[in-house]
Amino acid sequence: MAQSPPSRTTSSGRPNDPPLLILTSLASGPKHGYALLQDIEAFAGVQLGPGTLYGAIGRLEQRGLIAAAAERGRTRPYRLTATGSQVLASALGEMRAIVDVGTRRLSGSDGAAAGVPA
Amino acid sequence: MNRVVLGLLLLLYPRAWRARYGQELRHVIAQTTAAGRSSWRTGVDVARAAAAVRAKALGIVGAGVTRQDRAIGGCVLVLWAWAAFVVAGAAVLKTSEHWQGAVPTGDRALPTAAFAALVTAAGVGTVMVLGGIAVTLPRVVAMLSGGGWPQIRGPVLRAASVTLVAAVWTLGLAVWAHRLGSVARNGGNTLFGGAFVGWALSVAVSLAAWTAVASLIARHIGLGRRLLVAEALLAGAGTCAMAVMSVAAVVWWWSVGRVAPGVFSGASAATPVVVAIVLMAGSTCLGIAGTTRAARELGLV
C-alpha cells in the first residue's frame with residue numbers, strides 16, 4: 001500500500017529553519033556535524049550554532065528523518081533516510097508553490113495584482 | 001573555548017543526551033571556535049539549546065511526547081513558577097520589615113488591605129502546592145516500593161547536600177546577624193551584605209534542586225487522568241494565587257511608597273523590590289503558560 005508522505009518536519013517552514021537546512025545539506029550526501037555547519041553556511045548564508053545544530057539533529061533522528069552512520073573518531077556522519085527525503089521534497093514543494101505565486105504577483109502577470117496601487 | 005566552561009555547558013544537557021551527542025558536540029564546538037567563531041555566542045547558543053532539550057524532555061514544550069506527558073509538563077512548569085515565586089516572597093519579606101511604623105495612621109487602610117491580600121493569597125497558594133504534592137504521595141510510595149529509588153537517588157542526594165549547605169549557612173548568618181546592629185545588617189556592613197546574598201543564592205539553589213526532584217518524580221509515577229485533572233486544577237489555583245499576590249504586592253508597595261517614600265529608598269530596600277517584581281511577573285507568566293498547557297492537553301479548555 002502506498003504511503004502518503006509524512007507531514008512536514010519543519011516547525012515553521014521558513015527557509016532558514018535548522019531542520020530544513022540540515023535535510024537539504026544531507027541531500028547531497030552524508031556529513032558530520034562540522035561539515036553540516038560549513039555546507040549550510042555556504043549554500044544558505046546561515047551560521048548555525050553547534051547547540052542549535054545538534055538540537056535539530058536530535059529531533060530529526062528521533063523522527064527517523066536522518067540516521068547516524070558509524071563513528072569515525074570523534075565525528076559521526078549523518079545521512080538522509082527515505083522518509084527524510086520524502087519530507088524534504090514535500091517541504092520544498094510547498095515553498096516552491098509560495099515562491100511561484102509571489103513571483104507571478106510581483107511581475108503583475110497574475111490578475112490578483114490589480115488591487116495593488118501603482 | 002575554555003575546557004572548564006565547555007564542560008559546564010555540556011552539563012546543562014540531560015545525561016542521556018550527553019551520552020549520545022556530547023562528544024560530537026564538544027568536537028564541533030572546538031572546531032567552530034578554532035575557526036574564529038565567537039566563544040560567548042557559541043556558549044549562549046549551547047546554553048539555549050540545552051534549556052530547550054531539557055524543557056522538551058520534561059514535556060514543558062514541544063509536541064513530541066504523549067498528551068499525558070505534556071499535561072504533566074504543564075503542571076511541572078507551574079511548580080517551577082511557584083519555586084521562583086517563593087524566592088520573590090523572600091524579597092517581599094525583606095521589604096516588609098517595620099513598614100507599619102513608617103506609614104501615618106490615616107494612610108494605612110490601603111496598604112494594610114493589600115498586605116492582607118498578599119499574605120492570604122500566599123497561604124492559599126501554599127495549600128494548593130502542598131495539596132498537589134499530597135495527592136501524588138500514594139503513587140510516590142508505590143514507585144519507591146517498586147524499586148524506583150535508584151531513578152531518583154542522585155538528584156535527591158544532590159538536593160539534600162545543597163540543603164545542608166544552605167542550613168549551615170543560615171545558622172552562621174543568624175549568629176553573625178545577632179552580633180550586628182540594625183544599620184550593619186541593612187547594608188552598612190559590606191561583608192555581611194555579601195554573605196547575605198550568598199545565603200539567598202544557596203536557598204534558591206536548594207529550592208531549585210528539590211523542585212527538580214519533584215519534576216523527575218512526576219515523570220516516573222504514572223498519574224491517571226483523574227489525578228492529572230486534580231493536579232491541573234490545583235496548578236490553576238496556585239497560578240491564580242500568584243497573580244493575586246503580584247497585584248497585591250505592587251499595590252502595597254505603591255501605597256506605602258506614596259506616603260512614606262523613605263521606606264523603599266536606598267539600594268538595600270529598592271533592590272529587593274525590583275527583584276521581587278521581576279520574579280513575580282515572570283513566575284506568574286510561567287504559571288499561566290503551564291496551567292494553559294495542562295488544561296489544553298487534558299481537554300479542560
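Contact here means heavy atoms within 4.5 Å. The model is predicted, so local features need pLDDT of at least 70 and side-chain atom pairs count only at pLDDT 80 or more, whereas totals for chains, interfaces and linings use all residues. Residues are numbered from 1 along each chain as its sequence is written, chains are lettered from A and ligands numbered from 1 in the order in which they are written, and side-chain values use heavy atoms, with hydrogens and water left out.

Glu24(B) sits in helix H2 of chain B, residues 15-34; helices (H or I, at least four residues) and strands (E, at least two) are DSSP runs, numbered from the N terminus. With 5% relative accessibility, Glu24(B) counts as buried, where buried means under 20% relative accessible area, exposed over 50% and partly exposed in between (1.4 Å probe, protein chains only).

Turning to chain A, its 4 helices and 2 strands follow the pattern α-α-α-β-β-α along the sequence. Chain A has 118 residues, of which 41% are buried. Among its contacts with a separation of 6 or more, 46% are between residues 24 or more positions apart. Chain A exposes about 6600 Å², with 53% of it supplied by carbon and sulfur atoms; accessible areas come from the Shrake-Rupley method with a 1.4 Å probe, and for residues only the protein chains shown count as cover.

Because 8 of its 9 residues are buried, H1(A) is largely enclosed by the rest of the structure. The buried residues are Pro18(A), Pro19(A), Leu20(A), Leu21(A), Ile22(A), Leu23(A), Ser25(A) and Leu26(A). Their cover includes helix H2 (33-44), H3, strand S1 (66-68), strand S2 (78-80) and helix H4 (82-107) of chain A.

The axes of H1 (residues 18-26) and H3 (residues 50-62) of chain A come within 9 Å and cross at roughly 75°. Axes are lines fitted to C-alpha atoms, for helices over the stretch in contact, and angles run from 0 to 180 degrees between N-to-C directions. H1(A) and H3(A) are therefore roughly perpendicular to each other (under 35 degrees counts as roughly parallel, over 145 as roughly antiparallel, 65 to 115 as roughly perpendicular and the rest as oblique). On the H1(A) side the contact is made by Pro18(A), Pro19(A), Ile22(A) and Leu23(A), and on the H3(A) side by Thr52(A), Leu53(A), Ala56(A), Ile57(A), Arg59(A) and Leu60(A).

Chain B has 11 helices and 0 strands, and 39% of its 301 residues count as buried. Its C-alpha atoms fill a box of roughly 65 × 50 × 35 Å, taken along the principal axes. Residues 24 or more positions apart make up 78% of the chain B contacts with a separation of 6 or more.

Thr42(B), in helix H3 of chain B (residues 39-57), counts as buried at 5% relative accessibility. A polar atom of the Thr42(B) side chain lies 2.9 Å from the backbone oxygen of Ser38(B). Thr170(B) belongs to helix H7 of chain B, residues 149-178, and is partly exposed, with a relative accessible area of 34%. The side chains of Thr170(B) and Trp199(B) are joined by a polar contact of 2.7 Å (a pair of N or O atoms within 3.5 Å; within protein, one must be able to donate a hydrogen and the other to accept it, and residues adjacent in sequence count only if both atoms are side-chain atoms).
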